Amino acid sequence: MDSTIMERNAQKNLRKWNIADTDHEIFALIKQRWSTRKFKPDLIPETDLKKIFEAGRWASSYENIQPWRFIYAVKGSPSYTIIQECVPDNDTEWVSKAPVLVLTVYKQQRNDGSTNNHAMLNLGLCLGNMHIQAEYLGIAMTQLFDIDCEHATKSFGVPKGYSTYSVLVLGYYGDSEEVITREELEAEALIRKRYAQTDFVYKDEWKTF
Ligand SMILES: Cc1cc2nc3c(=O)[nH]c(=O)nc-3n(C[C@H](O)[C@H](O)[C@H](O)COP(=O)(O)O)c2cc1C
């Protein structure tokens, strides 16, 4: 990580707790990324948003179709309000603290008009790149899946042939230790548990437990 970004992350008080307790040593940005629901109000520079989308741009995709599309909105804008209206009621409060919301959309078809069965997977690869780039910049990115796609599609005039999929909530990690109780903090940390590799990686044959 270059020194400018390290300094800025230090200034943003990037949290040091809740780093994944991995079984094997891995890339630090993957260890430290997590889905926070506490954001600082600080605005994200447009140049950093461009870097995050650029990282997504270079993801691999089936037939290089690049089916991902995004509509982003900055807090205070009418489009931010629309995206906010699409999230479930119980998520509205924490989502509304984030400086940037992004609606994710994918193109359903291949260039020959047939269905692209890999479009959603490819959107996921794109989002994976974006997650890591955002983390590199000290920016948290939490995904919201259970959104009102119909409202989003209608409000933004997303054309036929495209599916609205999720909302990304972007902002600098909030000081969770200061703003939530120890119990809440522990509950958040618990979310970071994962299956052991032996539960999902099998050598040579399918394993049933
Ligand atoms: C496609 C997708 C949809 C998600 N939807 C939601 C959601 O609707 N609400 C939420 O609070 N978190 C959501 N998350 C975040 C997950 O709950 C979180 O990634 C998971 O619990 C693992 O925690 P971690 O990301 O902090 O390691 C979603 C994540 C993904 C990848």
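Trp34 is buried, at a relative accessible area of 2%, where buried denotes under 20% relative accessible area with a 1.4 Å probe and protein chains only. Tyr173 is likewise buried, at 2%. The model is predicted, so local features need pLDDT of at least 70 and side-chain atom pairs count only at pLDDT 80 or more, whereas totals for chains, interfaces and linings use all residues. Residues are numbered from 1 along each chain as its sequence is written, and side-chain values use heavy atoms, with hydrogens and water left out.

Seven aromatic pairs are present in the structure; rings of Phe, Tyr and Trp (its six-membered ring) pair if their centres lie within 6.5 Å, and planes under 30 degrees apart count as stacked. Trp34 and Tyr173 form a stacked pair, with 6.1 Å from centre to centre and 15° between the planes. Trp34 lies in the loop between helix H2 (28-32) and helix H3 (46-57), and Tyr173 in the loop between strand S4 (162-172) and helix H8 (176-179), so the pair ties together parts 139 residues apart in sequence. Helices (H or I, at least four residues) and strands (E, at least two) are DSSP runs numbered from the N terminus.

Phe39 and Trp94 are also stacked, because their ring centres are 6.4 Å apart and their planes at 15°. Phe39 is in the loop between H2 and H3 and Trp94 in helix H5 (residues 92-95), so this pair joins parts 55 residues apart in sequence. Both residues, Phe39 and Trp94, are buried. The charged end of Arg37 sits over the ring of Trp94, 5.8 Å from its centre (CZ of Arg or NZ of Lys within 6 Å of the ring centre and within 35 degrees of the ring normal). Elsewhere, ring pairs link Phe53, Phe70 and Tyr72 into a cluster.

Key. Rings of Phe, Tyr and Trp (its six-membered ring) pair if their centres lie within 6.5 Å; planes under 30 degrees apart count as stacked, over 60 as edge-to-face and the rest as tilted. Buried means under 20% relative accessible area, exposed over 50%, partly exposed in between (1.4 Å probe, protein chains only).
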